[in-house]
Amino acid sequence: MILNKEMANSSKKLSLLKKGEKCIVDSYIDENMQQKMLDMGCLPGEVITIDRFAPLGCPIAISVGGTVLCIRKDEAENILVNVID
Amino acid sequence: MLNSNKKIKVALIGNPNIGKSTLFNLLTGLHQKIANFPGVTVEKKTGSSTIFNSATGDANYLEIIDLPGTYSLYPNSPDERIPFEILCDPNNEDHPDIVVILADGTNLKRSLFLASQVIDLKIPSLLALNMMDLVQAQGIKINADELERRIGIRVCPIIARKCIGIEELKQALINDLPVPTTYVYDTTLIKPTLLAGICKELNLKSNYAALQIANHINSLEHFQISKEQQATLKNLFFGIEYDENKIQSFESLERYKSIQQIIESCVRLPHEKKVSFSTRIDKLLVHRIWGYAIFICILFVIFQSIFSLAEFPMNFIDETFTGFINIVRDFLPSGVLNDLIVKGVLAGIGGIIIFVPQIAMLFMFIAVLEDTGYMARVSFLMDKLMRNFGLNGRSVIPLMSGVACAVPAIMSTRTISSWKERIVTILVIPLMSCSARLPVFTLLISLIIPTNYIGVFNLQGLVLMSLYLIGFLAALLASIVISGLIKSKHKSYFIMEIPVYRMPRWSNILYSILDKVKIFLLDAGKIIIAISIVLWFLSSRGPGEKFEKVNQEISQLSPDKTDAQKRLHLESLKLEYSYAGHLGHLLEPIIKPLGFDWKIGIALVTSFAAREVFVGTMTTIYGVGSDKNLTVKEKMRIEKDVLTGKPRYSVAVGWSLMLFYAFAMQCMSTLAVVRRETGSWKWPVIQFLYLSGLAYFTSLIVYQILK
């Protein structure tokens with residue numbers, strides 16, 4: 001389930017990751033935000049790489065499926081992910 | 001067979017940044033029109049194209065509409081509502097006969113998401129598979145024939161930038177594209193009875209169209225569906241549990257599953273990925289120090305160009321046009337009509353075309369920055385900083401351009417995707433000190449500020465700089481206040497794609513400049529000419545006998561005056577007795593607390609045309625009693641206050657007047673362009689009122705303290 005809010009123990013918010021870390025999208029907290037991310041091809045199960053943070057810490061540039069997306073920190077808080085080592 | 005006399009309506013749809021405008025320009029050339037979609041400020045680009053059938057030689061006429069770039073048919077913003085409404089409503093006036101779906105070969109999965117939605121609407125369509133050069137460079141293999149078989153519509157691989165594959169695409173367009181027979185994802189299984197009911201009621205061919213209607217059942221106001229029909233449709237939901245958000249995301253995920261199967265059957269990705277060229281450049285261009293340093297340099301170049309480089313063509317236009325006006329004035333028989341044409345209409349037109357160099361130059365830079373992909377990086381760098389003021393990362397360039405001229409600056413806010421942040425940017429741009437204020441400032445500074453030096457700094461220069469700074473700070477403060485006051489209709493997301501760097505396409509840039517110049521000349525131009533005629537009437541006509549008798553008064557002047565002196569005197573008196581003169585006197589009680597008299601009142605009225613007119617009006621007013629050959633500055637300096645005997649233009653009056661011009665919206669062109677860009681008179685009126693209020697109260701406080 002995508003909207004499963006009882007997240008697995010290992011899930012954390014995308015906004016907490018550091019530069020260069022990789023993760024797999026687990027679910028979205030905000031429904032509208034989820035639709036927007038789905039439209040852009042960022043599905044649960046997709047691998048996200050944190051490319052870089054803007055100099056002031058926000059927004060964040062992430063790589064998903066060959067494209068680079070730019071999202072604000074408060075938007076990244078709506079994405080739950082599982083970090084891959 | 002398609003009827004070759006009838007125009008075929010073609011809609012062009014695709015994700016942002018994948019070459020949609022390039023393809024549109026290739027198909028239509030210069031046969032383009034721009035307007036706004038009714039009710040929203042989304043640009044509607046249409047164009048026509050004639051395609052000759054390569055087999056029969058018959059001509060086919062196409063009318064092509066360029067839909068705003070979107071990632072799906074689920075609308076998130078006003079931009080995205082347009083493709084949704086046009087494609088999902090068969091009765092929409094822009095509903096196409098054929099859809100050209102532009103896809104990015106390097107990101108086929110995401111492109112097919114939008115493509116499959118269009119296909120499932122059962123509109124005859126064609127997939128233009130773009131960026132085939134990048135596909136090859138990245139080592140991706142796409143089996144186009146297999147893709148065609150799987151999605152059930154014609155696939156044309158193209159490289160729009162290099163104009164490869166365009167002829168094949170054109171021929172495919174005119175050769176009877178069939179209605180897609182299969183669904184990429186069949187939505188029948190979702191609420192089958194409800195969808196069947198909607199299909200039957202609206203006579204729809206596609207159950208996906210029915211699903212789209214069902215998902216937006218409460219926001220169908222722009223659909224050609226009658227109130228009764230909408231009520232009938234709502235009744236169909238009776239007893240059915242329907243959560244459109246859940247259904248939409250379920251449907252999206254299922255759709256992606258179907259797409260994944262298609263991708264697996266016809267796309268082979270390379271095993272390893274190279275570190276891309278863009279990633280390497282970005283190490284420098286969005287670097288915490290170098291990124292900003294480079295951005296400041298770019299801003300500096302833009303600013304210098306529209307501020308000083310544009311001056312040459314502007315002077316040229318000014319001189320040529322003045323020459324032209326003089327010829328017309330001498331050619332036409334003198335009288336009211338001559339006066340109206342020369343001082344009303346032609347002066348208005350001159351005031352419009354003078355902006356063209358600045359607009360062209362600013363949009364050349366913006367188009368290059370957009371086309372190369374740098375603009376997205378500007379957003380990335382500046383977003384956090386600007387958000388503190390309720391603005392957007394993309395507000396920086398419009399704001400800085402406002403220092404040269406608010407007109408092109410306001411037009412350039414279209415790159416700001418969030419409606420609210422765009423409105424805030426538009427509302428505060430006129431606070432940035434534009435170049436038209438410079439003549440007013442220099443005249444007043446030279447009157448009230450001594451030419452002293454503080455250390456190495458010229459005091460007059462410091463005052464001028466402080467006026468620019470005050471404008472800039474006022475703009476930032478105003479944005480904080482305004483963004484707190486405006487309520488956004490729907491939550492907007494910042495999420496955007498950062499495209500790879502590419503060389504700019506010069507033809508795209510040229511089209512972009514032409515578009516902007518055309519919009520300004522035609523749309524804003526109408527309003528500017530109208531206001532110009534009104535201002536001409538106010539300052540050249542007057543009520544009552546006094547105005548009529550001006551000529552007699554002049555003839556009674558002492559005979560030792562030269563003709564030139566007499567003419568100056570005549571013009572000055574005419575202005576005083578004109579409607580504008582009366583308005584100046586009427587305004588006097590209101591502006592007296594600011595330290596202004598009726599003469600300044602007249603200048604306030606006439607300089608609504610443009611701020612620099614202030615200087616010209618003052619020259620005319622002070623043309624009276626020119627016993628000695630003094631300049632307007634000298635006359636203003638020696639003028640005494642009748643009551644106190646002190647100089648009329650004291651420090652208090654000077655500052656009060658300068659601050660008034662720093663804040664007030666004394667510019668009809670800005671007003672006209674805000675009307676054009678926001679699509680209604682609501683925002684220009686609000687802007688005019690708040691800026692005039694701000695100017696009035698600042699001047700009031702400053703004058704009362706300083707005097």
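**Chain B, overall**

I started with chain B and counted its secondary structure: 32 helices and 12 strands. I'm keeping in mind that this is a predicted model. Next I looked up the extent of the C-alpha trace of chain B, and along its principal axes it spans about 95 × 60 × 55 Å.

How much of chain B is buried? I got 43% of its 707 residues. I also checked how far apart in sequence the contacting residues of chain B sit. Taking contacts between residues at least 6 apart, 72% join residues at least 24 apart.

**Where A meets B**

Then I turned to the contact between the chains. Chain A puts in 28 residues, and chain B puts in 32 residues. On the chain A side, I asked which elements give two or more residues. They are α1, residues 31–39, and β5, residues 67–71. Of the elements there, α1(A) gives the most, with 8 residues.

I followed one residue across: Cys70(A) stands opposite Met496(B), which is in β12(B).

Last, I went through the backbone angles. Most residues other than glycine have a negative phi, and most peptide bonds are trans, so I noted the exceptions.

Pro59(A) is in the loop between β3 (47–53) and β4 (60–64) of chain A.

I placed Lys122(B) in the loop between α3 (108–120) and β6 (125–130).

Met131(B) went on the list too: not a glycine, and again a positive phi of about 65°. Its loop lies between β6 and α4 (132–137) of chain B.

Are these two residues buried or exposed? For Lys122(B) I counted 18 other C-beta atoms within 10 Å, so I put it down as partly exposed. Met131(B) has 26 C-beta neighbours inside 10 Å. Buried takes 20 or more, so Met131(B) counts as buried.

Technical notes: Residues numbered from 1 in each chain as written. Chains lettered and ligands numbered in written order. Predicted model: local features only at pLDDT ≥ 70, side-chain atom pairs only at ≥ 80, totals over all residues. Contact = placed C-beta atoms within 7 Å. Helix = DSSP H or I, 4+ residues; strand = E, 2+ residues; numbered from the N terminus. Pairing = 2+ DSSP bridges. Buried ≥ 20, exposed ≤ 12 C-beta atoms within 10 Å, placed from the backbone.
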